[in-house]
Each structure stands twice: as structure tokens, then as C-alpha cells.
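Hello,

Here is the structure you were going to look at.

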Amino acid sequence: MIGFIIRRLGYAIPVLMGVALITLLLFNVAGGDPIAIKLGKNPSQAEVLALTAELGLNDPVWRQYLDFLRQIVTLDFGTSWTDNTPVREIFWRGVGPTLSLSLPAFSIGSLIAVTVSLLVAFYRGSMLDRVTTMAAIAGISVSSLVYILVGQWLLADQWKLFPVWGFEYGIGAITFLALPILIWILLSVGTDVRYYRTVALEEIGRDYVRTARSKGLSEGRVLFVHVLRNCAVPIITRMTIIIPFLITGSFLMEIFFGIPGLGSTLYTAITSSDLPIVKAFTMLGAVLYVLFNILADVLYAVFDPRIRLS
Amino acid sequence: MFPLLLSLLACNPDPYPGEQGKILHVGLRLLPKSFDPPQVDDEGSGAIASQVYEGLLAYHPYARPYQLIPALAADLPEISEDKLTYTFTLREDITFADDPCFPDGEGRAVTAHDFLYAFKRFSHPNTRARGWWLLDGKLVGLNDWRDGLSDQMTAAREAGEEIPTDALWGIEQDVAGLEVVDDRTFRFNLTEPYPQFLWTLAMSYTAVYPHEAVEHYGDEFRNNPVGTGPFKVTEFNPVYRVVYEKNDNFRDVTFPDPERNSDERWEGWEKDRDAGLLVDAGQKLPLLDGIEMRFILEDQPRWLYFKSGYLDFLNPPKDNTSEAVPQGDLSGDLKERGVRLQPWTELGTVYTCLNTLDPLLSNVGVRKAIALAFDHAWTVENLYAGQAVVANTLIPPGVAGYVDYHPFHADDGAAQYEKARQVLAEAGYPDGIDPATGKSLRIRFESSGTSVTARHFSDRFTDEMRRIGIEVDVIVNTFPQMTEKMRGGNFQVAGLAWGFDYPDAQNILQLLYGPNKAPGVNSSNFNDETFNTLYEQSSTMEDGPERTALYEQMSQIVSDNVPWITRAHRIRQNLQQPWLQGFRYTGVNDQYWRYADIDLEARQASVSQWNTPVRAPLVVLGLLAMGLIGLTVYRGREL
């Protein structure tokens, strides 16, 4: 297995170098002007020249690429063009609020999705199954922006059950995070239930389930011990692949609910062409995605002895 | 599902739980960039820095037209006859706010040396002050000093030396234009008369701060302000909020009391008194215990927060303006709640910039045709939902130099397109066809941002141009991309706006002065000899009828030559809750919160009345879900 991990990590290097090259080229073409961002609306020519030289904007692309690779390796992406804050500091400032939203939403959402999936699979064809399936399809069909706007308007503004917007550090965050977490769960649970239900249905029809029942095991034990264990591989794989997105945060949720996390930071950086932040976060996303894909493969083998990594 | 729903019922909609005292709640629509005065050139930074920092002068909180009053200066300056020397005497009672940057944590007295330091730091090349252009070439010896340091830094960089961003080489060197006469007297020596100079001394760029803070915090000075203003910062998260508390060291200043003190009167003060703005007359400032500003970038939460009473003041988002202020007056619902309106016509102009160096647009006839096809009335009614006034010229009404002269604004329905087509034909392009290619003319329109307003405008412009035979390619840019194109002169037509830095038409006229062409601020690259001469002539003239006449002439030249199509002057329909009183929105800076007061009891009563939770629907939903699950389990798989 160690050989497999090393080999996969080795394959990841050219992938990440490619991502870095595309990121650099894309932002060099479509990005904004750091001079305007850093010097304001009326800089003198001398200031423009000095800053251009300092930022290496006239350097050939290959040199800029090498510099970008150095930044990736040293994890030093410089400072924000907008306010000169070190990108590293911006990351650490945002990661806490992002995780305080995404982790509970993901954990509770996954728990609900798995439980509901097993239940509806078990009661296949029942009213509960039909209502849940219909609700899941309906839920998937609606844009996430609608959930956010309607949730904010109905639950926070009309019914006054949550703050409309905001964040607090520490325990006070719960009040502000309750609504975005609820909406996140509603957003994700439909897709998850559809997927996990299919997985569970496949398992419930297998011989070992019939055997377990004929041995007199309770339905709960059959469902939550035997079936669940055998559903673990696809469930864990799916969850592992989602984890990088939990870290990089959600643009919409963070912006609309005022959560000062990585998603809202990236959104602001994109709209203000703050390329050091955009480049750093793009690479972070790519690295996490590659690493967690490798992890998913490894876990696949750990949970299913029939699978051998080679 | 049921426990989850139940846990949700316990939530509290109040975003300020446990808050004590008179704390003002404000929602900013933009993120601030910095507290550091030389970097404060955007709306967000201006709003947060103005509560902490002050300069020698300030805007009168109520008088209109705008009027300067002493802030940290004891009085208005003594100005020499040749208008080259401005001498300020400082107040005796100014002290910086307490801060760990001082040896014992206690703020010290402000002296003229602090102003010297702040002006030198502002002008230092390593500070990269965004407002340097205001002093560029204006003070004796300042440019030489700056250029010398700039050369030193370039040489050091070329030698491979890394220069820290907070390094201030040569800050101790003398500059003839900045003179400390004694601890309380500071003098500016100008290179030539500069009539706008006093306005610059009321801007955030020229605020005073202690060198100890810059040295103590280094780069982090941008997040740790230390000033003389009425508030000091207790918490700052640049992407979320800033919280202020009252600065105990704030000098003894009282709310203007024109009724008792005749020397505190201004034109129209009786009207302000009758409008209830002066109920706190004579009281010590500030009246609030603190301010909490949250950076709410999205429109919906900002609007919903205001409606719930959790924001005390709001410039309603465009999409909600027609709900809040239909037909320019408050809606019945808001009136019933006692909400008040503080409309303010922005000191600025939204315009379409035409690049006069572009081969096609260098033809003044083409520019005139484009302008004639532009429908101003439609723009105001539809694009700004009536919350704007038509910009007849580049200078807004109320600013000296405004003249109602607009030969190429037609706004007369179908006839304007006919007229535009005629002018276009006279310019050599009948029916919009280029005789050289036999094809329709095609222009690129650069739009900034993806807002509904921007998209709506692009569509309308495309439609207007098509009516006169010109095809339009719309290019959407981020703001930095846009500025890059403007600076490089790499565009044909662009949608832009200018907000005045100070209420003097020179501030916008400079955008059309030939020598300021790209990469300078003259993005249209307009270069008219008469205009340039008049601009140069007016630039050293004091405010008065003669200078106003020159401004009017320049404005007319612009209207005749159409380097810009002036579109609108936007109106901000500021809403304030009934419990907020006593201040007037200034617009050009944000120092007005020190005059604001809150009736705390009224706020608490209204907010709790407006925010009673409605739990029944969730309980019903939870019970239904539980019922469905229970029924399914009970009936088993036969169901």
C-alpha cells in the first residue's frame, strides 16, 4: 500500500504543476491590474514602474511560473494586492469560520442522509419512501440560491427564528450558524439520500441480509450493523471526496450569511482581482482534491478486503 | 428530523445578544481595505477610518453648500497674501487615544511634529499613498525629497536589497514645504497658489497619527488605528466587522448650539432645528457609546436587517429602493414605523467615456451621434429606478461651474435617433455603414462588474446604437481590469463614474485636462487647447465668480466635443430608524456619526415588537414528519 501511495503522490506532481501553469496563464490573461489595485486611481509613472519591477510583472512567463512553483512549495504566496495582508494570515483567519459551518453541516447532513436512506430502502415502496424520494428530487431540482434567499427571507425575516446574517467567534456562533447549516443540510441531503438509497437497496437485496433475518436478528441490527457496514465503501468514498470542498468553503452560503470564511474571502478576491489570494486558494483546492482522492482509494481497500491496490 | 427542528426553535434572531449601551448599528456594502490614512481612498475604508482619524480641518456637519471648519486646528489657517503660506495653530486639548503603542499605554498630546511626520509619511515613496496626486508638486521641496528617496530605493532594489514595506528612509530629513514653527504651530509652504489645498486637509489622507503606532505595529498599523477621533477600535475583522467604543481622550467638543451661540450659526440652521436635527444641541460629543459596523456585501441581508430594526441607517439597495421609496417618498409601511428619509444627491457623475484617440471615435461627429442616441430620461427612470437626476453636464447642480448646456442630449423619443443618424451620416457613416468596408460600424463597450444595473445599461446601450446602425460588443470587466484598460488607452467606449474628492469642480475637470491623458486620469484622452488653457488659468484662482465662469466655459467645451456622455447624478435615499437622531449625512466624508444619538428605549421596544418568533409552522412540520415515520414503522413493510 505504501508503494501505491508513493506512486500516486508521484503522479500528483505533474498534475499539480499543470494546474499551476493553467492557473498562472489564466490569471495573467484574464486577471486585473495590480498597479491599479495597489496604487489607487492616479499613480505617478515612477510609482507604476517601481511596482511593476517589484512584482516582476515584466518578467517572462517561465520565470513567473518558477516563482509560482516556489510559492507553492514554500507555502508562501506573498501578500494580498488589496490590503497587503499576508495570504497565509488570510487563510488562517478564514479557515475557522469555514469549518465551523461546513463540518457540522456535513456531519449532521451525512448522518441524516445515511439514516433516512437506510430507512426508506428498508421500507421500499412505502408512503415514507415515496414522499422522501419525491422530496429529494424536488430538493435537487431547485437552485441553491433559491434555498438561501427563501430560507433567509422566510425563516429569519418572516418567522424570526434566526439572525438574518452574521457571525460570532466561540459559542455564540451557534446562533448565527444554525440557519446556514440547516440550509446546507437541505441542499445536500436530497442528492445524498438518492445515492445512499440506491446503495442500500442493492445491499438489502443480498443473501446475507436474508440469512441475518432468518437467524432472528432484529431489523435494527440487520439494518444498522450488517447493511450499513457493507454500504460503507461507497459512502466513505463519497464523503472523502467532498472533504476538500468543506475546507475551501462555500461562496454563496458564506457571502449571504456573512460568515468570514475562505469561501467569502475567495469570492471577494475574485471580484477585486486579488490574484495572490485567488492563486493560493486555487492551488489549495487542487492539492486537497488530489490528496483526498488518493485517500479515498486507500480507504476503499481498507474497508473492502476484496480490493487490492496496485 | 424532529429533534433537529426543536433545536432550531431555540434560536434567537437578535444579532447583538447581550449588547449594552448606545451602540449604533451600521451595515457597510463594501469591504474596507485599510485604516492607514494614506491608503484610505475607497468607500469602505473611508467609513471605518473617519471615526478614528481627524485632520486639521473638517466639513461642517450641517451647513450646505459644504463649508470647512477647524477640527484639530484651533481656527482656520492664516493665509499669506500671495496664497503660498498656510499657518495653522493647533488646539491645546488634543490627545491620541490610549493604546499599547505608547510607553505607558496612555495617549499623549498631539503636537505639530505629529503633522510633520504624517505628511512626510504620506509623501514617502515607500508608503505608496493612494492620494499622493493631491500634493504632487504642490509643496516646496516635497517632490525633490520624495524623488531622491525613490531613486535610493530603486538603486537598493537593483542591488538586491529587500526593503521592508514599512521602511521610512529619510523621514528625518527636512522638507521646506512642511515647517514646524513650534509645538502648536504648523506651516505649509506651497510652490504655487493651490485653491483646493484646504479641502485636502479635511480628507482622510491627511489625518494625524503618532509615529509610535506606526513603529509599534509595522505593517499591522493598517488594522490597528490610533487617532484623535471620538471613537477607538476594540475589534476589527477586515472581512466581517469593526467595533468601536467611545474614546475617553476625545477633546471637549459640543454639539453645535446655534440657538444660544450666534457664532455657531449657519445658513438654514432654523430649518435644521425644526426638522429635529439639533435636539442634542450643547451636549458633549460623541453622543454614542460605540458603533458596530458590519460589512454586509449582499443586498438582501442588509435590507432585511434594516427592516427588522437591526440596522439603524441604510442606503437601500437598488432592488429595494422602489419598495422603500416609491415615487421618491417613503412607503406607507416605513412611514408607519416612523422611518425617516435623508436623500442625498451624490457629489459625482456617472458617464460613458469615449476614447478620443480611437480611430473611429476621434471623429467628433461619431461621438455626437452616439450621444444623441442616448436616452437620459430612460436611464434615470429605469436604470436608477428614479433615484437619480439627469446629468446635463459633467458638473453636478449645486457645484460652482454647473451650467444647463447640453447640445447633444436630445431625449425626444424617435426624433433623437433620426437626428443621430443624420449626424452620423454627416460624419461619413450613412446608416452606420463604414464606406471603407461596406459593413456596419462596430464598437466595443467596456462594462465594469456584473451587477444588474451594469447589464441593464449594456443592453440598453446596445439597443440604442443598433437603432442608428452601430453594432456593439459588450465586454464585462472587473474593476481592476477596467482601470488597466483605461490606463493603457486600450478601449473604445466605457461606462465609468467619478465621485468628487472635494466639492470643487476642478476635481472632475482634471479628468479632461490634456496633459493628464492615459496613463493619467484623462481616460478619454481629450486634448482641447482652449480647455487646457482655461484649466491652467483656473487652477491657481480662488473660488469666485471669475473662476466659476471659467469652469462654465470648460463644461461647455466638453458638452460641445463629447469626450463623455454624462448620464446621471445618483441619489442616495438614506433611511434612518425613528430612534436615530441628530446628524446629517455628509456624503463627502463619514465623520457625522459623532453627532448621532439613539433613543435606546424606543429602539428596544420597536425591535422586540418587530421580531417576535413564529414557531408554529416548524412545529407542525416536525409533527408531520414524525407522524409519517411513526405510521410507516407501525404499518411495517405492507404499507
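In this predicted model, 53 residues of chain B are in contact with 52 residues of chain A; contact here requires C-beta atoms, placed from the backbone, within 7 Å. On the side of chain B that touches chain A, two or more residues come from each of helix H1 (2-9), helix H4 (142-158), helix H8 (299-308), helix H15 (479-488) and H20 of chain B. That side divides into 25 nonpolar, 14 polar and 14 charged residues. Ala, Val, Leu, Ile, Met, Phe, Trp, Tyr, Cys and Pro count as nonpolar, Asp, Glu, Lys and Arg as charged, and the others, Gly among them, as polar.

Numbering runs from 1 along each chain as its sequence is written, with chains lettered from A and ligands numbered from 1 in the order in which they are written. As the model is predicted, local features need pLDDT of at least 70 and side-chain atom pairs pLDDT 80 or more, while totals for chains, interfaces and linings use all residues.

One helix pair spans the two chains. The axes of helix H6 (residues 127-141) of chain A and helix H20 (residues 616-635) of chain B come within 9 Å and cross at roughly 140°. Axes are lines fitted to C-alpha atoms, for helices over the stretch in contact, and angles run from 0 to 180 degrees between N-to-C directions. Met127(A), Leu128(A) and Val131(A) of H6(A) meet Leu628(B), Ile629(B) and Thr632(B) of H20(B). Five of these contact residues are nonpolar, one is polar and none is charged.

Chain B has 20 helices and 21 strands, taken as DSSP runs of H or I (at least four residues) and E (at least two), numbered from the N terminus. An open sheet of four strands in chain B has the order E4-E5-E7-E6, with antiparallel pairing; strands pair if DSSP finds at least two bridges between them. Strands E4 (78-79) and E6 (178-182) of chain B each have a single partner strand, so one side of each is left without a neighbour in the sheet. Strands E5 (residues 85-89) and E7 (residues 185-189) of chain B pair over five bridges, and Phe88(B) has Phe186(B) as its bridge partner in E7(B). Helix H3 (residues 112-123) of chain B lies across E6 and E7 of chain B, at about 175° to E6(B).

The C-alpha atoms of chain B fill a box of roughly 85 × 70 × 65 Å along the principal axes.

Regards

Terms used: Contact = placed C-beta atoms within 7 Å.
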